[in-house]
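Thanks for coming. I have a few minutes on one structure, so please look at the screen.

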There are 2 protein chains.
Amino acid sequence: MSDFDFRAYLTERQAVVNQQLETILESLGTQRELTRAMGHSLMAGGKRLRPILCLAACEACGKDPAHALAPASALEMVHTYSLIHDDLPAMDDDDLRRGIPTCHRAFSEATAILAGDGLLTHAFQVLTRPGNLFTLLPDPAVRLELTAILSEAAGVNGMIEGQMLDMLSQEQEATALPSSLDRLEKIHRLKTGKMIQASVLSGAVSANADPAMQEHLAVYADKLGLAFQVKDDILDVEGDTAVMGKPAGSDEANHKMTYPALMGLEPSKRYAETLVNDAVDALAFFDEKALPLRAIAAYILQRRR
Amino acid sequence: MSDFDFRAYLTERQAVVNQQLETILESLGTQRELTRAMGHSLMAGGKRLRPILCLAACEACGKDPAHALAPASALEMVHTYSLIHDDLPAMDDDDLRRGIPTCHRAFSEATAILAGDGLLTHAFQVLTRPGNLFTLLPDPAVRLELTAILSEAAGVNGMIEGQMLDMLSQEQEATALPSSLDRLEKIHRLKTGKMIQASVLSGAVSANADPAMQEHLAVYADKLGLAFQVKDDILDVEGDTAVMGKPAGSDEANHKMTYPALMGLEPSKRYAETLVNDAVDALAFFDEKALPLRAIAAYILQRRR
């Protein structure tokens with residue numbers, strides 16, 4: 001891995017994803033209040049972890065990652081919609097996201113609800129009517145499968161149920177520790193994990209990967225998704241508000257169940273490391289085209305935001 | 001049409017649609033807070049106009065309407081999501097819908113936002129992974145097209161933009177009358193019309209209808225959608241709160257642009273009649289299998305809620 005420049009790779013891929021998302025926004029017209037609100041959140045400088053995972057998985061399975069740009073874009077649109085709705089006053093009531101005002105702060109609550117709805121709905125339009133937005137595309141049968149994967153991961157047996165359980169668990173007092181850790185893991189698998197799995201799987205499916213490849217990547221994605229969340233909780237304890245673009249310490253203030261709160265800070269760090277090692281081990285099946293996936297796993301541990 | 005019992009037809013079709021929606025809800029588990037909230041609004045006794053239009057269009061094009069049950073269900077789920085979000089405090093702030101408390105009143109605002117998100121997202125799961133929920137299904141290529149039709153009609157160039165413009169026009173004072181009528185028609189074409197068109201088109205596409213059939217049905221759906229909205233505005237002036245399940249007179253109280261306010265009550269009634277006649281004329285191309293579509297157009301004028 002010594003000759004692989006991950007920083008350069010990440011910067012290049014973020015630029016590719018940002019360019020594609022800009023193209024999608026421009027196709028909708030940027031002067032409308034609705035699309036301005038969608039663009040405010042979509043172009044707020046996210047890490048683009050999900051689309052980059054999707055492109056890297058496609059690459060690992062031996063196909064030009066450009067084939068996966070449509071699902072990659074759709075995944076980031078759905079992720080952004082979930083942030084907009086989670087930030088709403090009726091939900092987490094957050095004022096800052098990615099260093100700028102949340103959508104309902106910059107526009108209005110009603111506009112933010114509709115901007116979220118719009119990003120979610122248009123993600124399916126991007127997958128089903130990609131038109132001339134993309135140079136390379138998966139064939140129609142694969143696009144139907146990608147739509148199925150996205151609606152399952154984002155849906156009532158995935159991300160939405162995760163947010164619902166997270167909300168309910170904040171309302172109820174946390175009970176005994178062992179059951180709470182199970183519950184925490186369940187919430188994260190639903191709330192973040194399913195979409196991370198969908199990102200990796202969508203890349204593989206776009207590359208027409210065989211079932212063995214898909215199975216190994218599923219293990220990678222499961223471990224990576226959990227590691228990502230454990231690290232998120234650690235950052236909330238140790239992180240720097242200015243670097244993260246959102247207030248550190250907010251989990252504790254909101255009495256949120258977190259890994260550091262439930263298992264301690266040092267054990268949480270060791271757990272994150274174990275998960276990342278397991279994720280990388282699951283890639284043993286792949287050749288050097290999986291270098292970016294390996295580097296992404298390492299980055300999950302090192303990131304400061 | 002004399003030997004066609006429309007009341008019996010409507011009752012039977014509503015039962016078929018309700019049964020299918022129940023099956024979908026049961027497949028998600030009915031004990032969860034999220035699915036209970038989704039079911040609260042989905043099974044609140046709506047007219048089922050969109051799914052019934054979808055089934056009737058499939059029938060008019062010569063195919064067993066059971067082929068269109070998946071898109072019919074998805075259309076009603078998306079329609080219900082839009083009602084849940086439109087009723088939210090940040091939007092229209094309504095307490096009653098279909099005679100029972102709105103979703104955010106019966107549950108919570110956060111739960112209602114997620115229940116809406118869930119219905120929207122799961123509609124795409126119903127179209128793409130219909131599993132063993134349906135006995136007859138359109139083939140995969142047609143299902144991809146149905147997903148495209150639904151996400152376009154419900155999206156940022158359809159229903160969501162219509163709701164956005166409706167909201168903005170309530171904030172701004174209505175300006176001169178001629179431009180307001182154009183604006184009103186534009187809002188309705190987006191907010192209600194696109195989904196009504198998608199309902200009819202989805203039925204036709206599920207029946208593998210040829211382009212000529214689709215063109216005639218597009219005219220029918222366009223006229224019908226506008227007639228439906230004009231009648232809605234008339235009902236808000238003349239209707240009975242108990243029959244409608246929502247307060248009459250609320251448009252005037254909210255200073256909403258309506259057809260009666262802009263063109264007068266009697267001209268609005270004549271306009272609705274003309275639109276329905278135009279809709280029925282567009283069906284001249286079809287044989288007696290289009291009887292239900294003709295009867296639905298007549299029903300739009302006569303309905304009391």
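How many residues of chain B are in contact with chain A? Keep in mind that this is a predicted model. On chain B there are 38 such residues, and they meet 38 residues of chain A. The elements giving two or more residues to that side of chain B are α2 (33-42), α6 (109-128), α7 (140-154) and α8 (159-171). The largest share comes from α6(B), with 12 residues. Sorted by class, the side of chain B that touches chain A holds 20 nonpolar, 11 polar and 7 charged residues.

Next, a helix in chain B. Helix α3 covers residues 49-60 of chain B, 12 residues in total. From first C-alpha to last, α3(B) reaches 16 Å, close to the 16 Å expected at 1.5 Å a residue. Is this helix enclosed or open? The buried residues include B:R50 and B:E59, along with B:L53 and B:C54. After α3(B) comes B:G62, which has a positive phi, near 95°.

Last, one residue in chain A. A:P130 sits in the loop between α6 (109-128) and α7 (140-153) of chain A. Buried or exposed? A:P130 has 20 C-beta neighbours inside 10 Å, and therefore counts as buried. Leaving out residues up to four places away in sequence, A:P130 touches A:A70 and A:L137. A:A70 is 60 residues from A:P130 along the chain, yet their C-alpha atoms are separated by 7.1 Å.

That is what I have.

Key: Residues are numbered from 1 along each chain as its sequence is written. Chains are lettered from A and ligands numbered from 1 in the order in which they are written. This is a predicted model: local features need pLDDT of at least 70, side-chain atom pairs count only at pLDDT 80 or more; totals for chains, interfaces and linings use all residues. Two residues are in contact if their C-beta atoms, placed from the backbone, lie within 7 Å. Helices (H or I, at least four residues) and strands (E, at least two) are DSSP runs, numbered from the N terminus. Ala, Val, Leu, Ile, Met, Phe, Trp, Tyr, Cys and Pro count as nonpolar, Asp, Glu, Lys and Arg as charged, and the others, Gly among them, as polar. The expected span of a helix is 1.5 Å times one less than its number of residues. A residue is buried if 20 or more other C-beta atoms lie within 10 Å of its own, exposed if 12 or fewer, and partly exposed in between; C-beta atoms are placed from the backbone.
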